[in-house]
Amino acid sequence: MGSVPGESVKKDENSRRGNWGNQIEFVLTSVGYAVGLGNVWRFPYLCYRNGGGAFMLPYFIMLVFCGIPLFFLELSFGQFASLGCLGVWKISPMFKGVGYGMMVVSTYIGIYYNVVICIAFYYFFMSMTSLLPWTYCNNPWNTPDCSGVVGSGSQLNGSLANVTSSLVAGVSEAVNRSKRTSPSEEYWKHYVLNISDDIGNFGEVRLPILGCLAISWVVVFLCLIRGVKSSGKVVYFTATFPYVVLTILFIRGITLDGAINGIKYYLTPQWQKVLDAKVWGDAASQIFYSLGCAWGGLITMASYNKFHNNCFRDSIIISITNCATSVYAGFVIFSILGFMAHHLNVPVSEVADHGPGLAFVAYPEALTLLPISPLWSLLFFFMLILLGLGTQFCLLETLVTAVVDEIGTDWIIRNKTVVTLSVAIVGFLLGVPLTTRAGIYWLLLMDNYAASFSLVIISCIMCICVMYVYGHTNYFKDVEMMLGFPPPLFFKVCWRFISPLIISFILIFTVIQYKPITYNDYVYPGWSLGIGFCMALSSVICIPIYAIYKISRSPGATFRERLKYACRAHPKWGPALQEHRIGRYAPMASDDTLEARPLKEKEDVTIQGSNGSTNTHNSPNPSA
């Protein structure tokens with residue numbers, strides 16, 4: 001399934017590196033990678049903040065002109081060379097620093113993402129009870145300011161009527177109280193995190209969270225123990241079951257009182273906001289970050305495809321699925337928040353939140369109002385765990401593949417599991433500080449700085465390198481050789497002009513919109529922001545450092561000659577397998593080494609039909 005018509009079906013085309021078991025595994029893995037926690041806890045919030053249904057217009061325009069083209073560019077890049085985010089830079093060795101930058105970004109995200117998953121694990125385990133622990137205010141960790149949405153005398157016996165009546169007495173007090181803190185917020189702050197007063201005040205490690213972090217890393221390692229062979233099987237469950245849970249929660253949500261108000265709040269268009277540059281900036285940023293562009297994961301996942309796989313079709317399917325999931329998740333979130341606002345008799349905006357605040361405070365609190373609330377809580381947190389794991393698999397595989405491809409010896413290929421285990425252990429140890437009492441401050445610092453503007457710069461440089469340094473004509477011919485048809489004109493224009501312009505716009509927007517990070521009322525000290533900027537720069541700085549190193553090591557009498565040599569494609573650039581090295585990648589008659597020859601004006605490398613048959617150049621012996 002999924003190969004270009006006429007392609008003979010083999011078990012593993014690339015026996016040394018391995019391939020996906022079938023194309024469904026690749027599509028599901030990529031969907032699991034792109035669809036993450038941000039689809040649930042960031043998009044719905046952005047949507048209601050930026051004009052409801054009107055936000056969909058800039059969102060889908062950015063998807064068409066930036067999201068899908070960049071997604072297709074990264075998939076075709078990795079698939080053509082069958083190499084991870086470091087190896088592909090044989091296309092122009094001077095730019096290999098971009099690959100190192102992608103690795104650094106994936107490392108940062110991989111560290112803190114698994115901490116978020118481990119907190120979801122913790123809440124999942126804590127939901128295995130007859131009464132959710134964040135339902136009432138009568139716990140040792142609660143403060144006098146605590147005011148629950150469920151009256152302290154009521155028992156959740158499955159009847160909404162009882163819950164509603166128990167609210168009547170307490171609602172007016174809850175609304176009139178100047179600063180109501182909910183039981184779920186106090187449970188999150190004082191019990192789960194036991195949060196300290198400052199980012200520098202680490203305090204003790206929260207052992208339950210540390211235990212859950214160990215579980216998270218063990219699960220990720222076991223799923224990747226045989227690389228894409230094992231993770232490809234796991235995604236049949238991890239990438240599909242969240243949709244089952246979303247649908248169950250959606251049906252439950254829309255049947256509740258007040259749900260329609262929440263959904264109206266989420267979708268009612270405020271068309272005047274379309275003229276606001278911030279709305280377009282948010283739309284572009286959300287598309288860019290949500291699809292996982294410039295993390296290195298897309299290149300890595302595509303590198304395990306068969307050479308003639310139709311990654312053009314895959315990129316469209318995966319991108320649209322990702323965005324449709326975001327919209328669908330909005331209904332799930334806002335139907336329940338509308339129900340909660342209706343019960344509290346407050347506007348939806350007062351209960352709406354985003355990020356960890358939505359996942360671990362607002363939504364769990366709303367769930368306490370439902371009959372058999374532990375069931376809905378279990379489902380919700382199980383969904384968060386699966387959404388997180390799908391992304392985490394790819395982050396870890398990106399790092400492991402980059403290391404294995406770079407070293408490339410038979411021993412390391414045979415012992416890839418050792419590399420996976422080593423990366424998982426290091427990832428766990430680096431995540432330990434995030435399980436301390438100051439951990440949430442560091443987690444949000446990494447989330448805001450480690451993968452913000454640096455991703456935009458990496459993506460922009462990748463576009464410039466492939467389109468202008470390597471040359472768009474060369475790249476279009478490469479794609480045609482691989483797929484059997486050239487990239488559609490729309491994608492050619494986007495790759496060369498529109499997408500780089502939009503990426504530049506996102507970068508400028510990010511800089512203009514910059515505000516120092518805060519967490520609730522806590523303002524981060526200057527030294528911590530300095531660390532944040534260092535994290536952001538650490539990935540980007542790889543690019544100029546490696547470029548200077550490469551130029552200095554290149555032969556040539558003048559700087560210009562050295563620069564030209566460093567930018568030129570490596571002789572081994574091109575399809576990984578001998579049988580696919582045709583046309584300008586065919587071995588020279590005078591030389592045994594494989595060499596990528598630059599395109600000449602009159603050289604024609606068209607592929608007859610779509611079966612990968614060769615043109616007038618001699619094709620290598622199929623048995624080679």
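This is a predicted model: local features need pLDDT of at least 70, side-chain atom pairs count only at pLDDT 80 or more; totals for chains, interfaces and linings use all residues.
Modeller: Residues are numbered from 1 along each chain as its sequence is written, and side-chain values use heavy atoms, with hydrogens and water left out.

Biologist: Among contacts between residues at least 6 apart in sequence, what percentage join residues at least 24 apart?

Modeller: Contact means heavy atoms within 4.5 Å. When we take the contacts between residues at least 6 apart in sequence, the share that joins residues at least 24 apart is 82%.

Biologist: Where does UniProt place the feature "binding site"?

Modeller: The UniProt entry is unreviewed; its positions are given in the numbering used here, its feature names are shortened, and its annotations may be inferred rather than shown by experiment. The annotated residues span 356 residues in sequence, but no two of their C-alpha atoms are more than 12.4 Å apart, so they gather at one spot. According to the record, the residues are G32, A34, V35, N39, S290, N322 and L387.

Biologist: Leaving aside its neighbours within four places in sequence, which residues is A34 in contact with?

Modeller: A34 belongs to helix 1, which covers residues 23–34, and with a relative accessible area of 4% it is buried. Once the neighbours within four places in sequence are set aside, A34 touches N39, S290, L291, I318 and N322.

Biologist: In which helix is the place of L387?

Modeller: L387 is buried, at a relative accessible area of 7%. Beyond its neighbours within four places in sequence, its contacts include G32 and V35, and both of these are also named in the "binding site" annotation from UniProt. The element that holds L387, residues 373–407, is helix 17.

Biologist: How far apart in space are G97 and I545, C-alpha to C-alpha?

Modeller: G97 sits in helix 5 and is buried, with a relative accessible area of 0%. Apart from its neighbours within four places in sequence, G97 is in contact with C542, I543 and Y546. In sequence G97 and I545 are 448 residues apart, but in space the separation of their C-alpha atoms is 7.3 Å.

Biologist: Is S82 buried or exposed?

Modeller: S82 is found in the loop between helix 4 (56–81) and helix 5 (96–126), and its phi, near 50 degrees, is a positive value in a residue other than glycine. At 8% relative accessibility, S82 counts as buried.

Biologist: What value is the phi of N520 near?

Modeller: N520 lies in the loop that runs between strand 1 (518–519) and strand 2 (522–523). Its phi is positive although the residue is other than glycine, and the value is near 55 degrees.

Methods. Helices (H or I, at least four residues) and strands (E, at least two) are DSSP runs, numbered from the N terminus. Buried means under 20% relative accessible area, exposed over 50%, partly exposed in between (1.4 Å probe, protein chains only).
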